[in-house]
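I want to note what I look up, one topic at a time.

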Amino acid sequence: MNARIDDPRLNVTPRAFWCPERGPQGRAGMPEWGTPIPEKLLKAGIRDMVRISDARMSGTGYGACVLHVSPESFVAGPLALLKEGDRHRA
């Protein structure tokens, strides 16, 4: 995930949503997973973005996060419907 999020070819803009799929079914023990902001956006001065995940995140995270989305993507929950490049209305 870290290599992917910092790939300069990642098609991400300041209006993007980041939806990592990492809940307890897909990752045993439901570890704390950070949901970082892509390096490409940080370099452009963006310091926050909406992040939606079926995981949990440590207290070191910051910004607009919606966590513990359930049922999770691993068992065909709502996050499983999202694919890279999907458009949204904000």
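Before looking at single residues I noted the cut-off I need: a residue is called buried when its relative accessible area is under 20%.

I kept in mind that this is a predicted model, and I looked up its confidence, finding that the protein averages a pLDDT of 76 and that 76% of the residues score at least 70. Among the elements, helix α2 (residues 39-43) has the highest mean pLDDT, 89, while strand β1 (residues 17-18) has the lowest, 75.

Next I turned to the sheet, which is open and has three strands in the order β1-β2-β3 with parallel pairing. I saw that β1 and β3 (65-66) each have a single partner strand, so one side of each is left without a neighbour in the sheet. Strand β2 (residues 50-52) is joined to β3 by two bridges.

Then I asked myself: is Arg51 buried or exposed? Arg51 is found in strand β2, and I read its relative accessible area as 3%, which means that Arg51 is buried. Across the sheet, Arg51 stands opposite Cys65 in β3. I also looked up the polar partners of its side chain, and found a polar contact of 3.2 Å with the side chain of Asp48, as well as the backbone oxygen of Met49 at 3.2 Å from a polar atom of the Arg51 side chain.

Met49 came up again in the largest nonpolar core, which has eight residues, including Met49, Val12, Leu41 and Trp18. Leaving aside residues up to four places away in sequence, I noted that Val12 touches Pro38, Lys40, Leu41 and Met49.

How values were computed. Residues are numbered from 1 along each chain as its sequence is written. This is a predicted model: local features need pLDDT of at least 70, side-chain atom pairs count only at pLDDT 80 or more; totals for chains, interfaces and linings use all residues. Side-chain values use heavy atoms; hydrogens and water are left out. pLDDT is the predictor's confidence in each residue, from 0 to 100. Helices (H or I, at least four residues) and strands (E, at least two) are DSSP runs, numbered from the N terminus. Two strands pair if DSSP finds at least two bridges between them. A nonpolar core is a set of buried Ala, Val, Leu, Ile, Met, Phe, Trp, Tyr and Cys residues joined through side-chain atoms within 4.5 Å. Buried means under 20% relative accessible area, exposed over 50%, partly exposed in between (1.4 Å probe, protein chains only). Contact means heavy atoms within 4.5 Å. A polar contact is a pair of N or O atoms within 3.5 Å; within protein, one must be able to donate a hydrogen and the other to accept it, and residues adjacent in sequence count only if both atoms are side-chain atoms.
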